Amino acid sequence: MDDRISSMPDEIIFHIICSLPFESAIQTIFLSKRWRFLWDTSLVQHGTEEDVASAICSFLENFNERDPLTNTRKFRFHFVHGNVLLAIIAPNNKLFLDFSDEKQEFHRQFKLQLEFNNPQNLVSQPSPSTFFVKNLHLTSVSFLTSEAVSSILTKFQFLETLKITCCNCLQSLSIGSDTKLLSLTIFDCLPLEFLHIRSFKLRTFRYRGSLPSFLPEYHYNLVDAFLDFRQGPRTCSIMTNHDLDLVLLTIKNVKILTLCKWTFEALICPVLSTFLAEFQFYNLKELWWIDNSDQEYDCDALISFLKLCPSLEQLFVTIDPKSYYMERTATCSIQAGRNTKLKHLKMVKLDRFSNEADEIHLAKCLQQIITSEPLIFASSNGSCMRRLIHDPLHQLKQKGIGSLEVAAGAPGHETKFSYTSVEVRDMNQLCPKHVHMDL
């Protein structure tokens with residue numbers, strides 16, 4: 001069969017590529033050699049660290065978003081020491097900077113200080129035909145290229161979204177933004193020991209990796225926090241009570257949150273007693289709770305945390321056997337929010353519990369703190385979904401439904417409920433994923 005698409009003029013093929021989402025556009029290289037050649041066409045330049053900032057700026061200034069045929073979206077800068085910078089311009093003012101080390105021979109820990117969006121350096125808005133960076137993804141920054149990165153970022157005056165990934169020797173990171181930074185993501189920078197963030201308008205913060213010593217400033221507008229510390233704390237990181245207070249205040253107003261059980265037990269729970277007023281997450285709507293797999297499932301920490309979340313609507317609980325586990329020295333019980341009832345909880349999803357008895361145990365405990373009747377779903381393998389249904393025991397017996405009996409309430413005043421599992425086929429409609437689960 002003739003490949004009519006690949007026989008089209010370059011102008012049409014480029015138009016098709018530019019109309020696709022960036023992740024899909026990359027996949028077009030597998031369609032044919034012609035498409036691969038068009039995608040791999042790139043500018044190449046050699047130089048030192050002192051040359052890279054001006055080279056990147058020149059590459060961006062000469063790019064016309066309205067007419068991508070006049071130039072290429074890819075730029076390779078070869079450093080004299082062997083590193084290679086690959087810059088890729090994506091649609092919607094996105095820029096990918098990949099500092100991959102081809103030789104992988106030089107490994108040295110380094111500190112990275114990024115200061116951008118200084119109001120004194122802002123210039124007039126570029127013309128519509130000029131490309132300017134709003135979304136930046138940095139990956140594989142090394143000691144040899146760290147100064148080049150700092151120099152480049154001073155040129156990005158309109159940056160709103162910053163993502164940093166796979167910087168395997170990054171020891172300390174400081175980020176300062178006085179005006180525009182709205183979203184910050186830091187993934188898989190494993191040796192990171194210290195993190196300092198200063199931003200007035202930050203709305204989204206997402207972190208995956210070991211917990212470093214974390215110092216946030218001015219982040220009370222945060223609405224989306226992904227705190228995936230399931231790898232545990234850095235052994236050499238030290239956080240004072242003052243630092244922990246700042247972290248807690250930073251996430252106080254979030255609407256969407258991911259949190260590990262050990263983080264609450266070891267860090268958050270102890271500092272709640274330092275707050276004079278009753279502390280609550282008044283705005284929290286969606287919670288993803290990452291639990292570890294004890295031999296005997298214990299939901300005390302989760303129930304304690306839920307008492308701080310009066311507006312919660314969706315709860316996701318995942319058991320991860322690899323999640324960090326910390327021996328508790330005392331029961332995680334807190335005074336703040338002890339009388340809180342969840343009146344708005346609509347849906348609960350339990351994932352990868354080892355047995356149905358643990359699922360039923362948590363469902364029973366939830367009955368003590370909720371006034372609503374949420375839909376409760378459970379999945380042991382992440383795909384096959386079941387719905388847990390509870391009803392007074394005698395009603396289920398009248399309906400002829402087999403079930404597992406549990407008791408809820410104080411001794412001597414228990415209310416017996418019976419739970420049964422019903423397979424759910426259209427789970428995506430009834431039970432959507434938490435927004436952080438696909439990150």
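The lining of the largest cavity divides into 15 nonpolar residues, 2 polar ones and no charged ones. The model described here is predicted. In total, 17 residues line this cavity. Phe214, Leu227, Phe229, Val247 and Thr263 lie nearest its centre. Two elements give two or more residues to the lining: helix 6 (241–250) and helix 7 (261–272). The space inside comes to about 170 Å³. A search of the whole structure finds 4 cavities of 30 Å³ or more.

**Strand 13**

Leu227, one of the residues nearest the cavity centre, is also one of the buried residues of strand 13. How many of the 5 residues of strand 13 (residues 224–228) are buried? The count is 5 of 5, so the strand is largely enclosed by the rest of the structure. In a regular strand, side chains alternate between the two faces of the sheet. Strand 13 is covered on both faces. Asp224, Phe226 and Asp228 are buried on one side. Ala225 and Leu227 are buried on the other.

Strand 13 has pairings with strand 11 (residues 204–208) and with strand 14 (residues 256–260). Both run parallel to strand 13. Phe226 is the bridge partner of Arg206.

Strand 12 pairs with strand 10 (residues 194–199), and the two run parallel. Within this pair, Ile197 stands opposite Pro216 of strand 12. Strands of a sheet pair through backbone hydrogen bonds, either parallel or antiparallel.

| Strand pair | Bridges | Direction |
|---|---|---|
| Strand 11 and strand 13 | 5 bridges | parallel |
| Strand 13 and strand 14 | 3 bridges | parallel |
| Strand 10 and strand 12 | 5 bridges | parallel |

Terms used
Residues are numbered from 1 along each chain as its sequence is written. This is a predicted model: local features need pLDDT of at least 70, side-chain atom pairs count only at pLDDT 80 or more; totals for chains, interfaces and linings use all residues. Side-chain values use heavy atoms; hydrogens and water are left out. On a 1 Å grid over the protein atoms alone, a cavity is a set of points where a 1.4 Å probe fits but cannot get out, and a pocket is an open set with protein on both sides within 12 Å along at least five of seven lines; lining residues have an atom within 4 Å of a point. Grid points are joined across faces, edges and corners, and a volume is the space filled by probe spheres set on the points. Helices (H or I, at least four residues) and strands (E, at least two) are DSSP runs, numbered from the N terminus. Ala, Val, Leu, Ile, Met, Phe, Trp, Tyr, Cys and Pro count as nonpolar, Asp, Glu, Lys and Arg as charged, and the others, Gly among them, as polar. Buried means under 20% relative accessible area, exposed over 50%, partly exposed in between (1.4 Å probe, protein chains only). Two strands pair if DSSP finds at least two bridges between them.
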